[in-house]
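Have a look at it first, then read on.

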Amino acid sequence: MVSCLCNGKTKNTLRIWHIHQTDASRARPNLTMGPITLCVLLPVTVLALVVAVAAEENAVDDEYTWPQWKVPLVKKKGKRRTVPLSSPNFSAHPQPELSGTCGIECQRRLPATSLDALEQFLSYETVYENGTRTYTSVSVQGLNEVTAWSKNISSSSRQKREVYGTDTRFTISDKQFSTKYPFSTSVKISTGCSGVLVSPKHVLTAAHCIHDGKDYLNGVQKLRVGILKEKSRRGKGGKGRGGRGKGKRRKGDTDKEEVQEKEENKGKGDRNGKGKGRKSRSRRSAESGKPSFRWTGVKKTQVPKGWFKGVSDGLTADYDYAVLELKKAPKVKHMDLGVVPSVKKLPAGRIHFSGFDDDRPGNLVYRFCSVSEESNDLLYQYCDAKPGSSGSGIYIRLKEPGKKKWKRKIIGVFSGHQWVDVNGNGMQQDYNVAVRITPLKYAQICYWVHGDSSECQVA
């Protein structure tokens, strides 16, 4: 042990063995002692520890960061890529529960899907507001480049849907919260389902909310979407009776709140606020926090051909999604689409979604839960839900790449309560089922939204 001067101070040193080798003496190395000061050794040790900790933190951050995917291109195919079809009959009726679905277990026994079949499944029908219909065939390019989307190994745990045990749903009844992001992205479909805004004027929902596999539902020809509004119509009124100076009632708006307002206003026009008039205003004030909707029409609806009966056979459940283009963009923030290879392997492993469950009419219902089983295209999950929540956007929250900002993104569509064919022998089990956003589905939905596949190359 010797001493040395480091930064003007005497420091202890350590001796270690060094190997001196020359070209002539490589066979017989000469071992000598060489002094290395602690003031040199300690910073190196600290630096190594810092690098190790930083590497570990980066690995953890990667688990909480949105992965980036190079997605395939989905384009219109051939010269006659879009052809007109006859107008739909609009004769189908909504189904409260789907049955006979080939689910995760059933799909494991199916052969791999060819590229030609995929292109057929992703081809789509478009129905316009005037009742006309077209069919568009597509081509898929760059599918082989998406190599990281491997098959997931799913667990064998199962769970029934509906509400079991303690109801874990949360009613967002106060519009102070229901009209704020992310709850404000949830919308109500006039056929009785829910949906989610994925662009300023596009809504993602379940295909069965529009089409039963054979025909479009009765009411789709006049399809409307309800967006939660922050202020009641009465609050915008002038000095007129009941505050209705400027608030003109739109024809066809018959939501629960407006019906109640009509009932309350019958014969109650006391401008001085006395007697029954004062009681009416008090009641209205108490109910002003309840959510109500601003309805807008749908310009066109797009459904993948894979959802139609006899097209994709056992893979029909994988294509239970549709996109609605609104006539007018609401002034509401939307939620982007995202792609993750596995939900169960995420650090938290939870999914979230909000919808308009039938047993809580007029209210937005939020829930979160874990995933019980997953495949490449489907999810089974534990969330409590009721009819009416089908079509809700399932989202998770991760960090944006290279940033510390967290962001919510839609990773699936809630299909709802389904009786699933488990073993292919007709035995069925009921599950909460959701359709996952895969790189290929991301490419198709993005193409529907933007109309240009070049804007949809990275998820």
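Are Phe-293 and Phe-356 buried or exposed? Both are buried, where buried means under 20% relative accessible area, exposed over 50% and partly exposed in between, with a 1.4 Å probe and protein chains only. Keep in mind that this is a predicted model, in which local features need pLDDT of at least 70, side-chain atom pairs count only at pLDDT 80 or more, and totals for chains, interfaces and linings use all residues. Residues are numbered from 1 along each chain as its sequence is written, and side-chain values use heavy atoms, with hydrogens and water left out.

**Aromatic pairs**

- Searching the whole structure turns up 14 aromatic pairs; rings of Phe, Tyr and Trp (its six-membered ring) pair if their centres lie within 6.5 Å, and planes under 30 degrees apart count as stacked, over 60 as edge-to-face and the rest as tilted.
- Take Phe-183 and Tyr-366: their ring centres are 5.6 Å apart with planes at 75°, so they pair edge-to-face.
- Phe-183 sits in the loop between helix H4 (175-178) and strand S11 (186-189) and Tyr-366 in strand S18 (residues 364-374), so the pair ties together parts 183 residues apart in sequence. Helices (H or I, at least four residues) and strands (E, at least two) are DSSP runs, numbered from the N terminus.
- Both partners are tucked away: Phe-183 is buried at 17% relative accessible area, and Tyr-366 is buried at 14%.
- The rings of Phe-293 and Phe-356 have centres 5.2 Å apart and planes at 65°, so this pair is edge-to-face.
- Ring pairs also join Phe-121, Tyr-124, Tyr-319, Tyr-321 and Trp-448 into a cluster.

**Charges over rings**

- Arg-224 lies over the face of Trp-295, 4.7 Å from the ring centre; the test is NZ of Lys or CZ of Arg within 6 Å of the ring centre and within 35 degrees of the ring normal.
- Lys-333 does likewise over Tyr-181, at 4.1 Å from the ring centre.

**Disulfides**

- There are four disulfides, each a pair of cysteine sulfur atoms within 2.5 Å.
- One of them joins Cys-102 and Cys-106, with sulfur atoms 2.0 Å apart, and it's left-handed, with -100° about the S-S bond.
- Cys-193 and Cys-209 form another, with sulfur atoms 2.1 Å apart; Cys-193 is buried at 9% relative accessible area and Cys-209 at 1%.
- Cys-446 and Cys-456 are bonded too, their sulfur atoms 2.0 Å apart. Cys-446 is in helix H7 and Cys-456 in the segment after H7, 10 residues apart.
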